[in-house]
Structure formats: C-alpha cells, structure tokens
Amino acid sequence: MKMTFASTSQIGGRDSNQDLTGSLAGEHRACFLVCDGVAGLPGGDKAALIARDRLLSELTEDRHFSPQETRQAVEKCERSIREAQQINPKFSRMSTTLAALFIDRSHQLAWWAHAGDSRIYHFRRGFIHQVTRDHSLAQQMKDAGYENTGINSNLLYNALGAEVTRDASYSDVLELEDGDAFLVCTDGFWLSLSEEEMEQALRMVNSPQEWLALMQNAINRSSKSDNLSAVAVWMGSPQETTLLQSLADSARFLPPRD
C-alpha cells in the first residue's frame, strides 16, 4: 500500500521550540512521532531529543516488527532519559511527551504508543475513528463528567522522565485500509483546532502536505500560545475514499425521484 507523509514544527507563541518530530519510513516498517519537552523545568528540549533519537535508532533495521518490539523501544527511551537525568543534576527532572505511530507495511498493520498529551488521531473515510486519551488532569476531570473546569490542560500525570514513573499507553493493532489517515501532533497543534476542522480539511486536499498547510492556516487565524508540531501520514488514497464517502452521505439526503 502506498504511504505518504509530511511534517511541520513551528515555534508558535513561545520563545523557543521544545517540540520535535521524527520519521522513519522503510519498505517494511515505519515510525512517525512527535515529542514535546515538558515546560517549567530545565531540559525539556533535551528530553525530547533523547526520546526521539533513541526510539528511531531502535527501529532502523527494515524488517517486519511487532508491538512488543516497539514497546521495548519506548521503554528504552524512558531509561535513556533517566540515565541522562543522573548524569547532569541540572536536568534531573526533565521530561517529554511522546506520541509514536508504528506501521508494519509488510502486513498492513498499525499501532501506537503515547505518554502525556501529545495525540494520535486516526481518520477512516474522512472521519475521526480513534484518538488517544491524554495523560492529563483535564482529561481525568472530563472522564469523570466535569466539563469546562478551567483546569490547565498542561497538568500531566505521565510523561517520559516524569518524577513518578508510569508506563506509556499502547493501542491495539489496527488492520489498515486504503484511505486511512493519521495525524500525530503535540498539544499546541490539536488545542488550536476542532475535530470538525481536522475532518473538513482532510476532505479538501490531495496530499498530506496540503492537509497540514490547510490546518496550519486555520491555526494562524487563532491565538498561537504554544509550539505547533504535527506529522500527517496517508495510507493509499484518502482523497479518493473521503470523496466517495462524502458523495454517499450527500446521496442519503437527496429527495426521492418520482
């Protein structure tokens, strides 16, 4: 199945960019990720760099791979950050979010891992099909039925290198379909867009580059208070499957013929 992708990382309203994107695309395996160094403590950018580089280095051999292998790779990222914390006391509390999409192209399977509030969205036939659940206090309050609590969405209870060690979250394995699309992004990106805007943009473009650009244009019309980073991944031809789905939806609302 054909695979295309694009990425963006912009400073937004910050003084510096602690976001990083990463990609590895072979004939048999692929990995696409974002890391967002946790602000407020020194070394967030360093933690993000360690996580990205260690994860990609663990997956360089281009062959079939498994969720267990990628889970071990994520765990090695955590250990690498812990080791760096011990070497330099200045960075003893540095941490980073991670959202990583893994694709086994040989078997047309996908799965993902995340820690923190960087997200992975899966779109099928032009609509959001799945999305990761943030490791944040705001998400916990939302899950408990409290809306618009005013809680800072950046209050995380999990990240790689965080003071309390917790496992990252891992998805089930997904069988890919022609037209599947994925958006891997930091919170600065998804907080500036509604899910409807993401879906609408997907139905208006012909490439992942155009998709990111259209969403970026929407973000530029709003307040940009954070770094903005995302990777868009297309499997097959989303522009064709979304068009077919839109035509089918439109047909449902046409008046019956006499």
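This note walks through a predicted model, point by point.

1. **Ground rules.** Residues are numbered from 1 along each chain as its sequence is written. Because the model is predicted, local features need pLDDT of at least 70, side-chain atom pairs count only at pLDDT 80 or more, and totals for chains, interfaces and linings use all residues; side-chain values use heavy atoms, with hydrogens and water left out.

2. **Confidence.** pLDDT is the predictor's confidence in each residue, from 0 to 100. The protein has a mean pLDDT of 90. Of its residues, 90% reach 70 or more. Residues 250-256 are another matter: pLDDT stays under 50 there. The model gives that stretch zero contacts beyond four places in sequence, where contact means heavy atoms within 4.5 Å. Where pLDDT is low, the predicted coordinates should not be read in detail.

3. Helices (H or I, at least four residues) and strands (E, at least two) are DSSP runs, numbered from the N terminus. Five strands form an open sheet in the order 1-11-10-6-7, with antiparallel pairing. Strand 1 (3-10) and strand 7 are the edge strands, and each pairs on one side only. From one strand to the next, the twist averages 20 degrees. Two strands pair if DSSP finds at least two bridges between them. Strand 1 and strand 11 (residues 228-235) have eight bridges. Ser9 has Ser229 in strand 11 as its bridge partner.

4. Helix 6 (residues 208-220) lies across strand 1, strand 6 (119-124), strand 10 (181-185) and strand 11. The helix runs at about 30 degrees to strand 1. Axes are lines fitted to C-alpha atoms, for helices over the stretch in contact, and angles run from 0 to 180 degrees between N-to-C directions. Ala218 is found in helix 6. Is Ala218 buried or exposed? Ala218 is buried, with a relative accessible area of 15%. Buried means under 20% relative accessible area, exposed over 50%, and partly exposed in between (1.4 Å probe, protein chains only). The C-alpha atoms of Ala218 and Glu197 are separated by 8.2 Å, although the two residues are 21 residues apart along the chain.

5. **Strand 4.** Nine of the nine residues of strand 4 are buried, so this strand is largely enclosed by the rest of the structure. Thr96, Leu98, Ala100, Phe102 and Asp104 point one way, while Thr97, Ala99, Leu101 and Ile103 point the other. Strand 3 pairs with strand 4 in the antiparallel sense over nine bridges, and Cys31 has Phe102 as its bridge partner. Strand 5 (residues 109-115) also pairs antiparallel with strand 4, over seven bridges. Here Ala99 stands opposite His114. Strands 4 and 5 form a hairpin with four residues between them. In the turn, Gln108 has a positive phi of about 55 degrees.

6. **Helix 1.** The 15 residues of helix 1 (residues 44-58) should span 21 Å at 1.5 Å a residue, and the end C-alpha atoms are 21 Å apart, which agrees. The expected span is 1.5 Å times one less than the number of residues. Its buried residues are Gly44, Ala47, Ala48, Ile50, Ala51, Arg52, Leu55 and Leu56. What covers them includes strand 2 (19-25), strand 3 (29-37), helix 2 (67-87) and strand 4 (96-104).

7. **Thr132.** Where does Thr132 sit? Thr132 is in the loop between strand 7 (127-131) and helix 3 (137-143). Thr132 is buried, with a relative accessible area of 7%. Its side chain reaches the backbone nitrogen of Ile120 at 3.1 Å.

Terms used:
A polar contact is a pair of N or O atoms within 3.5 Å; within protein, one must be able to donate a hydrogen and the other to accept it, and residues adjacent in sequence count only if both atoms are side-chain atoms.
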